[in-house]
Amino acid sequence: KIMKHAFRRCGKVKSVFFHNEPTPIEPEIIPSKYFIPKLIKGFKVAYVVFAHTSGLENALSLKCTESEPFILSTQSAPITNIVNRWCENYNDNIVEVKELQYEIDTYMSEYDKTSAARIQIEKETVDNEDEDGWKTVSKKGRNPGFARKEVIKNNIMKNEAKKKMKKTLKNFYRFQIKETKINQLMELRNKFDNDKSKIELLKQSRKFKPF
């Protein structure tokens with residue numbers, strides 16, 4: 001209420017959201033009087049949403065001066081002091097049993113409808129083959145099966161691809177090591193043959209002195 005009153009000079013304020021820190025995500029709106037998220041205490045970040053873009057432009061160009069201060073509390077919209085706020089919070093915490101029971105019953109009714117629709121979809125997809133020949137096995141019954149959904153199939157294919165890639169790389173590295181060893185042996189053999197030829201030439205020229 002205070003934030004709406006403070007920025008009303010800029011334009012019509014549609015809503016005000018509070019966060020612990022700056023974030024681009026809009027908070028979830030819970031249409032419940034009793035099951036509400038924990039209130040943010042201490043320092044917080046406020047996001048003021050205007051009904052029109054002109055309100056945002058006016059807010060960005062808003063300036064506070066000594067002649068025109070930014071007044072938050074007025075006689076028409078005073079700021080509630082801490083004692084009155086405690087009293088309001090206490091009164092808000094008083095639960096109306098009938099309203100609470102009605103809200104619980106409504107939620108459970110919607111949950112039962114959603115669960116029934118999901119179970120019906122699972123029953124309709126049982127034993128239906130897809131393009132790859134997979135069959136969806138129901139998790140219900142005496143022998144619970146393994147439901148091969150699209151996500152699970154994708155994970156299986158990814159794991160198989162990773163295993164195949166690792167095996168290919170392992171074989172490649174093994175071949176590379178083997179080829180390197182062969183090249184080293186060939187170099188040693190060539191060096192040995194060259195040294196042997198040099199020794200023979202020195203013997204023939206009678207310049208060979210082993211000691």
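The largest nonpolar core has 6 residues in all, namely Ala6, Phe7, Cys10, Val13, Phe50 and Ala59, where a nonpolar core is a set of buried Ala, Val, Leu, Ile, Met, Phe, Trp, Tyr and Cys residues joined through side-chain atoms within 4.5 Å. This is a predicted model, in which local features need pLDDT of at least 70 and side-chain atom pairs count only at pLDDT 80 or more, while totals for chains, interfaces and linings use all residues. Residues are numbered from 1 along each chain as its sequence is written, and side-chain values use heavy atoms, with hydrogens and water left out.

Phe7 counts as buried because its relative accessibility is 18%, and Phe50 does so at 13%; buried means under 20% relative accessible area, exposed over 50%, and partly exposed in between (1.4 Å probe, protein chains only). In soluble globular proteins, nonpolar side chains tend to be buried together.

A search of the whole structure finds 1 aromatic pair. The ring centres of Phe7 and Phe50 lie 6.4 Å apart with their planes at 80°, so the pair is edge-to-face (rings of Phe, Tyr and Trp, the last by its six-membered ring, pair if their centres lie within 6.5 Å, and planes under 30 degrees apart count as stacked, over 60 as edge-to-face and the rest as tilted). This pair links distant parts of the chain, 43 residues apart, since Phe7 is in the loop between α1 (2–6) and β1 (13–19) and Phe50 is in strand β2 (residues 45–50); helices (H or I, at least four residues) and strands (E, at least two) are DSSP runs, numbered from the N terminus.
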